[in-house]
Amino acid sequence: MMSEHVNEELSAYLDEELDAAARARVETHLAGCAECREVLEGLRQVVRRARTLDDRPPARDLWPGIASRIGSADTADVLPLVPRRRRFAFSVPQLAAAAVALMVLSTGATVLFTRHAAQIAAVPDTTLTVRAAALPAADLVQSYDAAIRDLQRALDARRSQLDTGTVRVIEQSLRVIDMAIAQARSALARDPNNPYLNSHLQRAFGRKLDLLRQAATLPVAS
Amino acid sequence: MAPAERRTEAGLPQTPDNLLAQADSERADVALAAAGDQSAFERLYRLHAAKVHSLVRRMVASESDADELTQDVFVRVWQRLSSYRGDAAFGTWLHRLAVNLVINWQRSASRSRRLFAEDAEPDLAAAPRRSLESAMDLEDALVLLPAGARQVFVLHDVEGYRHEEIAGLLGVTTGTTKAQLHRARMLMRGHLER
């Protein structure tokens, strides 16, 4: 006489979730029951198809709605060199060393202003903006390189005073941005007048300056 | 029939070189976006929009809700990028955030009360008409599932979550998720073989 159908256990059987005894019971039943074998095969097909579903993009472009909610998107030609503090969370004790931070920041900013005064326009509250169209690419790269070198030197001088975990995170981020800069430079070598690549390179430089200036203002580890 | 060629999110064949290139480019864009670069964030959106929208659409069974929730997901990602530590791949982190957001949305919309009710029935108005007359594809059949069974099916069979994870996310027992999964598969089998 055939045992009771095992329909309710077939998903668990398929997913290999049954213990040895239950598994043996299901297999014994399946060997003699075409109906349950057919159900099992149907479930197997459903699972197989579910695992190979292709993703498809939304029917309409959702980016404009996202861009409008996260802020204005038409800033591609302006590089804000002001540290974006909302992206970094510092503790109260860290803020206590603000005097040191300000001193280092001033040094970096002074170097920037004096060496590249003709190329970089300063506005009140130490806000710097670099207009993409204002500078030839080679000069711009030179300016950024020099500014980055100076800030890097300032950071190196303070490295031993900073929290090692923080330094590790900073270095990891710098490596990633350096990679983006290297990629953009390499692409620009092949296509020097490409406006997108120029803009992308400038943004990457801007981010690196931001990050270095953030790092240079970090307080010493307590 | 030959299996479909697997592709990266950028639409390139999944060769080791393409996967590495995508990962490098994505890491750079994540760092740039975390520093406030909207163009980098738009590239991340373009890279992941299809995957996120497909996940959300399958979970909520509504194109318009999926559009709105996908936008919510990316706005939330933008707001939380500074908390992304890189412990998991960015895509995995984004995916988790999307799943949690959808589940919370369904909870806040008081949908959970009927999500796992025995008599919970699908919104047939959302089902494609042709599905009632001819063989359906899997996406069509998903719409016909009751909401609770659909969520478990999508998370387990499409996305590869384990029962313990799904139970934790939904606040139910693994016994419930296993029963819902079997129910979903049986209904899907019926729809697909009709």
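## A buried alanine in a loop

B:A61 counts as buried, because 21 C-beta neighbours lie inside 10 Å and 20 or more are enough for that label. This is a predicted model, so everything described here is read from computed coordinates. The residue sits in the loop between helix 2 (38-60) and helix 3 (63-80) of chain B.

There is something else to look for at this spot. Most residues other than glycine have a negative phi. B:A61, however, has a positive phi, near 55 degrees.

You will find A:E16 in the loop between helix 1 and helix 2 (20-32) of chain A.

Is A:E16 buried or exposed? A:E16 counts as exposed, because it has 7 C-beta neighbours inside 10 Å, and 12 or fewer put a residue in that class.

## Two crossing helices in chain B

Two packed helices are described by the angle between their axes and the distance between the axes. In chain B, the axes of helix 7 (residues 147-158) and helix 9 (residues 174-193) come within 8 Å and cross at roughly 95 degrees. Helix 7 of chain B is therefore roughly perpendicular to helix 9 of chain B, as angles of 65 to 115 degrees fall in that class.

Which residues meet here? From helix 7 of chain B come B:G148, B:A149, B:R150, B:V152, B:F153 and B:H156. Their partners in helix 9 of chain B are B:T177, B:Q180, B:L181, B:R183, B:A184, B:R185 and B:L187. By class, the residues of this contact divide into 6 nonpolar, 4 polar and 3 charged.

## A closer look at B:A149

With 25 C-beta neighbours inside 10 Å, B:A149 counts as buried. Leaving aside residues up to four places away in sequence, B:A149 touches B:Q180, B:R183, B:A184 and B:L187. The C-alpha atoms of B:A149 and B:R185 are 8.7 Å apart, although 36 residues separate the two along the chain.

## Where the two chains meet

Finally, step back to view both chains: 40 residues of chain A are in contact with 38 residues of chain B. On the chain A side, at least two residues each come from helix 1 (10-14), helix 3 (34-51), helix 4 (63-70), helix 8 (164-190) and helix 9 (195-216). Helix 3 of chain A gives the largest share, 7 residues.

What is the make-up of the side of chain A that touches chain B, by class? That side has 23 nonpolar, 4 polar and 13 charged residues.

Methods:
Residues numbered from 1 in each chain as written. Chains lettered and ligands numbered in written order. Predicted model: local features only at pLDDT ≥ 70, side-chain atom pairs only at ≥ 80, totals over all residues. Contact = placed C-beta atoms within 7 Å. Helix = DSSP H or I, 4+ residues; strand = E, 2+ residues; numbered from the N terminus. Nonpolar A, V, L, I, M, F, W, Y, C, P; charged D, E, K, R; others polar. Axes fitted to C-alpha atoms, helices over the stretch in contact; angles between N-to-C directions. Parallel < 35°, antiparallel > 145°, perpendicular 65-115°, else oblique.
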